[in-house]
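Dear colleague,

I am passing on the structure that follows, together with notes on what was found in it. Please read the notes with the model open beside you.

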Amino acid sequence: MVAKGTVKIVDERCKSCGFCVEFCPTKVLALSSAFNAKGYHPPYAVAPEKCSGCDLCGMYCPDFAIFGYKNGPAATQEVGDEG
Amino acid sequence: MSATATNPVEPFLRMDRIPHIWCPGCGIGTTVNCFTRALMDSKVDLKSLALVSGIGCTGRVAGYVKLDSFHTTHGRAIPFATGLKLANPNLNVIVYSGDGDLSAIGGNHLIHAARRNIDLKVICVNNLTYAMTGGQSAPTTPEHAITATSPYGAFEPSFNLPHLVEAAGAVYVARWTTFHVRQLARSMAEIFKKKGFCFIEVLSPCPTLYQRRNKMGDGLDTMKFYKEKSKVKNGAPTSEVGLTINGEIIVGKFVERDRPDYGSLMKAQFVEALGDRYVDCTETICS
Amino acid sequence: MKADPRGVLTGVHFIDGDQACCEGALAAGARFASGYPITPSTEVVERFASRVPTVGGTFIQMEDELAASITLQGAVWGGAKAFTVTSGPGFSLMMEHIGYAAMTETPCVFVDVQRGGPSTGLPTLPAQADMMQARWGSHGDYEIIALCPNSPQECFDLTIRAFNLAEEFRVPVMFMMDEVVGHMTEKVVIPPADEIEIVPRRHTHKSVEEYLPYETGGDLVPEIAHAGEGYKFHITGLTHDEHGYPNMIPPIQDKLVRRLQNKVREAAERITLYEAEGLEDADVVVISYGITSRVAQRAIELARGQSLQVGKLRLITAWPFPEHIIRELAPRVKAMVVPELNLGQMVREVERSAGGDCQVLAVPHAGGSVHHPEDILKVIVEASR
C-alpha cells in the first residue's frame, strides 16, 4: 500500500503536547520512546502507510514541529514567499 | 522521488527566532498555523499586511511572524492599528492579541473601533486568563475558576466577547477553539476579504496556569474538552454564547453583516460637505 | 527639502497660538493627528480637523488620550508625519506612549498646552508646571527634545522645528506651550512654502535583505521603513537589538538605552536654541521661557532703567537643557534669576548646571495667571545688591 501522504517531523522542536497523535484522522502517529535534546518524546509515524497528507497534524502543532503533505506528481511542495 | 517539502508555516515565520517561548500544550502556535493557512488560501498580498499585537503571550505572535509587525503597549494594539490603517488604507491590518489585552485594558478601544467599523481584522486568543504575568483573572475568566488573583474562585461575571463586539458594531464575529483548526483557518481567510471590523475569538489552552489551577489537565486534555463541549451553531444569537467553567462552548460564525467601514463613511461625509474641495489621499504621504 | 505648498497657508494672519501651531504642523508636512478634547489645547486639533480634508490627510478624535497618543504612532509607521495635542491631565495619560515612541524611535510631536495643575487644576488658566514631566514623565531612561514658544508666531515657526527635530533624531518632541501663548492672538506671518525648510523622514535606501531597523551609523539614529513596503520588520517596546527583535539581556539593554541617550545628548549643542542678550557684562541674568519670558522682558527693561546690569537668556529648547551655556555663564555673573509659572522646575536645572558658581534665585508662581513684572524685578534688584 502506497501512502497518499508523508509526514515530516522536526524532532528538536517537539514538546510532546500530543495534539498530532490524538487528532490524526488515520492514526499514523505515536509518541516515540526516544528523547529530543529538551527531554521530550517526539512523535513518529507508526503507520506511515495510512498517511493521507491532510496536514491536520501540521495545523495542530503549536511548535511547528510536524507537517504532512500529499505525495504524487507535486512531490516537491515548496510554499514560496509571495512578498 | 524524495520531496524537499517545507512546512507551509515556515515562510511566514522568523525562523531565526524559533523555538518560540510558548509552553507545551499552549494553543497560540496552533492559531498561528491557522493564520498562515488563511493567508495562503485567501491569496492576500503579504506585502500589504501589517500585524499589530499588544502585551501578553498572544502578543508575542508579532515577533514570530515574518510580516511588518508591531508589538505595542498593553491594550493599545487597536488604536495603533487604527493609525496605521488611516495613514495607509492600502494596508491590511491585523490585530492579534489576547483576551486580557483586548477586553480589559484594551476594552475601550475594542468597542470604539467596532463602533467606528474600522477595517481591522482582530484575532483574540482567549485563554481565560492573563497568562504571561502568571495566570491572573481576566474579564473572560469564567465564574468559579481559580486564578492567581481569584484563589478562592472568581466571582465576577465574565464577558461574552462575541456579544460585546456585536453590540458595539462589528461586522464579522466568530468564535472557534484551537480544536477547530479548519474552521478557524476558514474564518480567518474570510475576514481578509471582508471590509470592516472583524473579530474572531479563539479559545486556547493555558495548561501551565489556567488549566493547571483548575485541575483541567494539560493541553491535550483541554483540546479534548473543547471537542467534547463545543457545539457549532453558526448564526447563533451572541447573547446566548456566554461561557461557563465547565459548560457548553458555542462556536461558529455568529455575525456577518454589512456596514460601511470608517474610511467609506469619512469619505462620503467629506464629499457631501466639500465636493470638489475634498482632497482624498488614499495614502497620507510623508513629505 | 522645502515644505509642501498644499499645507502652507502663506500670508499675514491674526490668529492665536493654538491656531498657529496647527498651521505650523501642516506646513511641516503633518498629515495626521489623533486627539482628544482638553482645554486649552483643543483648538489646535479643531483647526486641523477643519483644514486637513482640503489639504489631504486625516484627523481622528480618539476615545481617550491613551489611544490618541499611540494612534499617531501607528500613522507614523504607516508613512505620515503625525502629532497629538493635549494639556496636563491628558499629558499624564500619554506618558506610557511617549516612552514607547522614545523606545521604538518613532518620530512624532506631542503638544502640551500647559494649564494649572495638579490634577484637573485650572483648565482655562496658564502654568508651566509640566516641564519636568516633559523630560521625566515616562518610566525608564530616555531622552526627548522640548521646545517652548512664547508667541503665536513662534507657535508656527517652532512647530515646524519640532517636526524637523523629531525626524532628524527619531524622538518624540514635546511642544510645551501654555494657555496664554495658546490663546493670545497676534500677527503671524506664514512665508511661502519654498522658504520653509523641512527635514524629510529618514527612510532607508537599503534593500529588504540588508535593512536592519535599528542599525545605526555615527549619529546613532537608525533609518526607518514603513509598513507595506516589503521590509517585514519587527518593532517592539521590549529591549531589542539591531534586528528589532526582543533581546532582553543586560548588555543589549546597556547598548540600547545608552544609544537612545547619546543620540540626543551628543547633539545637544546643535539642538539647543536660545535667545541671549546682554550676557557679556551682566551682573544678573534672567533665565526664562514661554510666556514668562515676555513678562521677564518687561522686568529686565525696568531693571536696566534703574542702571542695573541685567542680561537675558530665553530658553527656546528647554530639553536637552543647555547646561553648557549655564556652566560657562555662571562664574561670570553674580546671580541667575529664574521666573517660572511653577514652584520651581527648570530652576533646578539652572542650579545643577551652575554648580554653585553663582547664586540661583527662583521666582516661583503657582500658576493661574502670569507674573507681574514687579515680582521679577524685585528679585533682580535683590540679587544685584
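What is the mean pLDDT of chain C, and what percentage of its residues reach 70 or more? The mean pLDDT of chain C is 98, and 100% of its residues reach 70 or more, pLDDT being the predictor's confidence in each residue, on a scale from 0 to 100. The model as a whole scores ipTM 0.97 and pTM 0.96.

Please bear in mind that this is a predicted model, in which local features need pLDDT of at least 70 and side-chain atom pairs count only at pLDDT 80 or more, while totals for chains, interfaces and linings use all residues. Residues are numbered from 1 along each chain as its sequence is written, and chains are lettered from A and ligands numbered from 1 in the order in which they are written.

Domains of chain C

Chain C is divided into domain 1 (5–195) and domain 2 (275–384), with bounds that come from an automatic or database domain assignment. The C-alpha centres of these two domains of chain C lie 27 Å apart, and 23 residues of domain 1 are in contact with 21 residues of domain 2, where contact means that the C-beta atoms of two residues, placed from the backbone, lie within 7 Å. On the domain 1 side, the largest share, 4 residues, comes from α6(C); helices (H or I, at least four residues) and strands (E, at least two) are DSSP runs, numbered from the N terminus. By class, that side of domain 1 of chain C has 17 nonpolar, 3 polar and 3 charged residues, with Ala, Val, Leu, Ile, Met, Phe, Trp, Tyr, Cys and Pro counted as nonpolar, Asp, Glu, Lys and Arg as charged, and the others, Gly among them, as polar.

Chain C against chain B

Between the chains, 47 residues of chain C are in contact with 40 residues of chain B. The elements that give two or more residues to the chain C side include β2 (30–35), α2 (42–55) and α5 of chain C, but the largest share, 9 residues, comes from α3(C). That side of chain C has 22 nonpolar, 17 polar and 8 charged residues.

Helix packing

Within chain C, the axes of α3 (residues 65–77) and α5 (residues 95–104) come within 8 Å and cross at roughly 25°, the axes being lines fitted to C-alpha atoms, for helices over the stretch in contact, and the angles running from 0 to 180 degrees between N-to-C directions. That makes α3(C) roughly parallel to α5(C), since angles under 35 degrees count as roughly parallel, over 145 as roughly antiparallel, 65 to 115 as roughly perpendicular and the rest as oblique. The contact is made by S69(C), I70(C) and Q73(C) of α3(C) and H97(C), Y100(C) and A101(C) of α5(C).

In chain B, α1 (residues 28–42) and α7 (residues 181–192) pack at an angle of about 50°, with their axes 8 Å apart, which makes α1(B) oblique to α7(B). The residues of this contact divide into 9 nonpolar, 3 polar and 2 charged.

Backbone points to check

Most residues other than glycine have a negative phi, and most peptide bonds are trans. The peptide bond from T39(C) to P40(C), however, is cis, with omega near 0°, and P40(C) is found in the loop between β2 and α2 of chain C. The bond from I18(B) to P19(B) is also cis, with omega near 10°.

Best regards
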